[in-house]
Amino acid sequence: MKDIQPTDGRGFLEYAPAPESTAILHLKDSYGLFIDGEFRDGSGGSFSTISPATEKKIAEIAIASEADVDLAVAAARRAYTKTWSKLSGADRGKYLFRIARLVQERARELAVAESLDNGKPIKESRDVDVPLVAAWFFYYAGWADKLDHAGLGANPRALGVAAQVIPWNFPLLMLAWKIAPALAAGNTVVLKPAETTPLSALLFAEILQQADLPPGVVNIVTGAGETGATLVRHPDVDKVAFTGSTGVGREIAKAVAGTHKKVTLELGGKAANIVFDDAPIDQAVEGIVNGIFFNQGHVCCAGSRLLVQENIHDEVVDRLKQRLSTLRLGDPLDKNTDIGAINSREQLERIRTLSDIGEQEGAERWSVPCEIPENGFWFAPTIFTGVTTSSRIAREEIFGPVLSVLTFRTPAEAIAKANNTPYGLSAGIWSDKGSKILAVADQLRAGVIWANTFNRFDPASPFGGYKESGYGREGGRHGLAAYLKGASA
Amino acid sequence: MQNVLAPADRAVRLLGGDLTERSLRQHLEGLSGVDAVGLEQRAAGLGTRSIKTTSKAWALDRIIELIDLTTLEGADTPGKVRSLVAKALVPDSADPTTPRVAAVCVYGDMVPVAVDALGAAHGDPDDGLVSVAAVATAFPSGRASLPVKITDTRDAVAAGADEIDMVIDRGAFLAGNYGTVFEQIVAVKEACRRDDGSYASLKVILETGELNTYDNVRRASWLSILAGGDFIKTSTGKVSPAATLPVTLLMLEAVRDWHRLTGEYVGVKPAGGIRTSKDAIKYLVTVAETVGEQWLQPHLFRFGASSLLNDVLLQRQKLRTGHYSGPDYVTID
């Protein structure tokens, strides 16, 4: 055989741009609040929502004042008393099925809007977020007329008006996680999307109009943290559901303490992704990448702490670096982009600060050598090796594309290290040995445990945390319990 | 009893001096397992890359340059092989800028016809010439004695074949007789030796559709590399499933790991079932993102295909003219 000289190739890997067209989007210059079935002006002023990839303004968004929140809650109460609570489960289901189908019909448009406003790669909004949104509505549509059979006792009743506050990492998917079970169980909703990502929720409001959902059943109020605080404190709200930071979650828990409001909180995480030396190594490397670099690491259940068995540490890190070098960072709307933009300047600062601390504390930092676009908020995928359990980057949630690598020697040590965190949302186990997976999973204190995979979601599977990761479960039959009276949550 | 195996150079370097059935088995069974769901997910992810405009144009030409244009039928005649050679040399008579394929792939008895038909155009694809590949070793089943397989191989090499596509003994592999499979590859490799001391390039066909599990494919890949294969090839094309993207990805991971370990290059050839440009581009993406784009050259990557070429030609015409033509605008072989 002839001698082979390594060549540079002709740059095939510099795939030509393949941008998803934004022509499908028909955005307005400004959006009001969605109250009682129609868009109306807010009385609290307005703010701009920008694309984090370019820092260009997308649209002007209304800020809901206390009076606006009042109006929205009143509309939800009216809709609950007069319409929604009187509909049969089958009829509620019909609306939910209709919404699910409309989400599918407008999937591309929603995906483009989500990537534009959030900065996540179009391949993720197109292949993960939006299909899951439709799946969530389909799933809970099916439950609407079967609540008697959900194992929650006979004839479970709705709670009333649900106040829902959602984060910016999966704007539309978190909306679906909140709205679909609430409506299926017979509640009405006032939802506040995150300040930096209101766009897809407002397009969703258009879908609700298209679906002819009775006015007031879902209301969407936009604004900053203050609007959310007003909403969860509102006396006429029966249920508070929040997904976001542990800090804000604590505030909410204090605010609703002593009231009749039922609460579910889905908060932060610092998940351990445990790789044993008998793991399917190539798939484990993929799983590590997917665990922490999916959605730029803006994932509460991200596998941000890699616990790798010491005897394969060097090989795993070596393979990981090689794999990370093929990731493509850039325009979220390009179909070949793997890593999009960081959602906001504020978040970028937090990631930078914590990464600097990681370096100061003596961990070894390695970032993917890649070109960073001039405008927008970007952070190259980064791994820290030589991290100890006491390092801040091993304790605190970074919520960005930063992986801390720690080692362990035995399964017992892996379990101890995995559980040694104030959080307990998720964990991953990689091993070819089924018995080991089951034995370890049994002892991990985390709400979701993935075996030989990571960051997979399904509407039938409950999701939620232990300890400071919150309480209550979303998804599956358990997710219904959070929106029904007389049933244990 | 310890069966001592032929001291194939690569295996000796990796496993140490006393190469035995047991040391080979221990190595193969010690390879990391393959998670089927994860492997298929990764392959599906690579399949979603969107290759447009200039990248697509480059990819289409490169696919042609990587094709082993193949005819392997009982009904093959000298006329059919000459026709295949003509197509290999001038894939699209309407467009002289179309590159030539890497090789033609025929049964051993057709090698003289192919060599004759190629004439001065017979040679290394790196020089713009076309090689002749011959299937051997009782292709496709491999059910013959070793002397028959060796004679089959020698015959084709003597007739001028540049490359030998051998099949492994799947029966022996599945029975756990790794040593038998290994020794046969070593023997066939030796049969690829020409009088001047040079060797015909050896492609080892694993017939992954019969090996059935990904763990088996990984073991067979390593076994073939250790025994001296220049290429590992998925399939004969006679068994379904033939080449799939996950299987090819897995084999690319094996040659990547071999390269990490030794710095040596081993080629990969998916064969059978790749019929469209769209599919072939997914393979290019998988190669580029798994082993690096330096592997996208005829000495390291091939497509075993017959109908793929025409689909690529149609796509090329579409890129050039802006509209699709039809099957009557490319020649049938």
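Figure 1. In β13(A), A:Leu306 is the bridge partner of A:Asn273. The model shown here and in every view is predicted. A:Asn273 belongs to strand β12, residues 272-275 of chain A. Strand β13 of chain A covers residues 305-309. The two strands pair in the parallel sense, over four bridges.

Figure 2. A:Ala272 and A:Ile274 lie on one side of β12(A). A:Asn273 and A:Val275 lie on the other. All four residues are buried, and both faces of the strand are covered.

**Figure 3. β12(A) beside β17(A).** Strand β17 of chain A spans residues 426-430. β17(A) pairs with β12(A) in the parallel sense, again over four bridges. Look for A:Gly428 in β17(A): A:Asn273 stands opposite this residue. A:Asn273 also has its bridge partner A:Leu306 in β13(A).

**Figure 4. Strand β17(A), buried along its length.** Five of the five residues of β17(A) are buried. A:Ser426, A:Gly428 and A:Trp430 point one way from the strand. A:Ala427 and A:Ile429 point the other way.

**Figure 5. From β17(A) to β18(A).** Strand β18 of chain A holds residues 448-451. Four bridges join β18(A) to β17(A), and the two strands run parallel. A:Ile429 stands opposite A:Ala451 in β18(A). The chain passes from β17(A) to β18(A) through helix α14 of chain A, residues 434-443. This β-α-β crossover is right-handed.

**Figure 6. Helix α10(A), one face in and one face out.** Helix α10 of chain A runs over residues 313-324. At 1.5 Å a residue, its 12 residues should span 16 Å. The end C-alpha atoms are 16 Å apart, which agrees. Which residues of α10(A) are buried? They are A:Val316, A:Val317, A:Arg319, A:Leu320 and A:Leu324.

**Figure 7. What the buried face of α10(A) packs against.** The buried residues of α10(A) pack against several elements of chain A. Among them are strand β12, helix α9 and strand β13. Strands β15 (382-385) and β16 (402-408) complete the list.

**Figure 8. Chain A, for context.** Chain A has 15 helices and 20 strands. Its radius of gyration is 23 Å, close to the 23 Å that the globule rule gives for 489 residues, so chain A is as compact as a globular protein of that length. Its C-alpha atoms fill a box of roughly 80 × 50 × 45 Å along the principal axes. Of its residues, 56% are buried. Among contacts with a separation of 6 or more, 72% join residues 24 or more positions apart.

**Figure 9. Chain B, for context.** Chain B has 14 helices and eight strands. Its radius of gyration is 19 Å, close to the 20 Å that the globule rule gives for 333 residues, so chain B is as compact as a globular protein of that length. The C-alpha box is roughly 65 × 45 × 30 Å along the principal axes. In chain B, 54% of the residues count as buried.

Notes
Residues numbered from 1 in each chain as written. Chains lettered and ligands numbered in written order. Predicted model: local features only at pLDDT ≥ 70, side-chain atom pairs only at ≥ 80, totals over all residues. Buried ≥ 20, exposed ≤ 12 C-beta atoms within 10 Å, placed from the backbone. Pairing = 2+ DSSP bridges. Expected span 1.5 Å × (residues − 1). Contact = placed C-beta atoms within 7 Å. Rg over C-alpha atoms; globule rule 2.2 N^0.38 Å. Right-handed = clockwise from strand over helix to strand, strands pointing away.
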